[in-house]
Amino acid sequence: MTRTRKLFAAVLLVAVVAVSGLTAAFATDITETYAYLPDHSVYFYDVAEGYAWAHREIDTLAVAGVVRGGGDHLFSPGSAITRADFIVMLDRAYGMSQALDSGAIDAQGGFVDVPGSAYYSKAVTAAKAFGVATGTDDNRFLPEEYGLPAVVGGFEAGDVLYAVWRMVCMVCDGPPALENEYVRLVTAGGNAAARAAVDRVFQPADSLWRGLGEIPDSGLVLRPAYARYDAAARYSLARGAGTEPPGCRCGQVIRGLLHPEECPLFGRLCRPEDPVGPCMVSGEGACAAAWKYRSADV
Ligand code: SF4
């Protein structure tokens, strides 16, 4: 869940009222102590023209220490915020994590996608204990820290178009979120039997990704009990360096930094019938698709 900051103050105040019954004993006494300049925040330079309707609420929350802006007295009122930041601000308002520390409430365990080192971990854990944050049914909080829309889509043309349409809607109207549009096959908890089987045989490990480098715990390796099936160990195979063939720009292509046709090898030395890099090998590769539809007006 994310909100644009221009709506944030109002949304947060509503949410605060909604949870006040749970947290009344720990609520911060929020009072207005400032004299307001006309139509302008006294805290943030950029809460001025266009945000007159919100500046009093924003300053009230700033006085209470609930909102702190992004530094240099800027609030970025038109920017999106994340679920994680929203919970952090709720925690500042109501001291939920203080209640957790004091033993007034019991922790219910964390979310599997909220690392203990994350700045929002304690606030989210407390919010879960209070029932303010419930996560998904597979115990994920989905912080969506980049504020980008994401859609789980199917493979048929209609599925793809619908997923793209939903992303365009979220980009235009917000809020960005993770949506599952492939509900006829995909559930939030996944295939429990398949997940259990994978978990029995594999364990997380650092992994190299084309164009991205090594990402901690992003891959799977066989557990020690199944090491006899590990071909890399059995045949003393060195792990690849994750580099592309000389001249290939595939890493930049799949990160969206380069259009396939901007690769000097595209269509000259690299074609589907004689590919140089992996993006030209299979039909769904970005370069192969760009080659196939290079004359289409899409
Ligand atoms: S056109 Fe070929 S060489 Fe160039 S990035 Fe794509 S796959 Fe690599």
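Me: Which residues of helix H2 (residues 55-63) are buried?
Reply: The model is a predicted one. A residue counts as buried if 20 or more other C-beta atoms lie within 10 Å of its own. In H2, the buried residues are His 55, Ile 58, Asp 59, Leu 61 and Ala 62.

Me: Within what arc do the buried residues of H2 fall, seen down its axis?
Reply: An α-helix has 3.6 residues a turn, so residues three or four places apart point the same way. The buried residues of H2 line one face of the helix, because, viewed down the axis, they fall within an arc of 160°.

Me: Which residue with positive phi follows H2?
Reply: The phi of this residue is positive, near 80°. The residue that follows H2 is Gly 65.

Me: Is Ser 76 buried, partly exposed or exposed?
Reply: Ser 76 lies in the loop between H2 and strand E2 (80-81), and its phi is near 50°, a positive value in a residue other than glycine. Ser 76 has 15 other C-beta atoms within 10 Å, so its class is partly exposed.

Me: Is Asp 217 buried or exposed?
Reply: Asp 217 is placed in strand E6 (residues 213-222), and its phi, near 55°, is positive although the residue is not glycine. With 11 other C-beta atoms within 10 Å, Asp 217 is therefore exposed.

Me: How many nonpolar residues are in the shell around the ligand?
Reply: The ligand is surrounded by 14 residues, the closest being Cys 248, Cys 263, Cys 270, Gly 277 and Cys 287. Cys counts as nonpolar and Gly as polar. Besides 1 polar and 1 charged residue, the shell has nonpolar residues numbering 12.

Key:
Residues numbered from 1 in each chain as written. Predicted model: local features only at pLDDT ≥ 70, side-chain atom pairs only at ≥ 80, totals over all residues. Near = placed C-beta within 6 Å. Buried ≥ 20, exposed ≤ 12 C-beta atoms within 10 Å, placed from the backbone. Helix = DSSP H or I, 4+ residues; strand = E, 2+ residues; numbered from the N terminus. Arc of directions from axis to C-beta.
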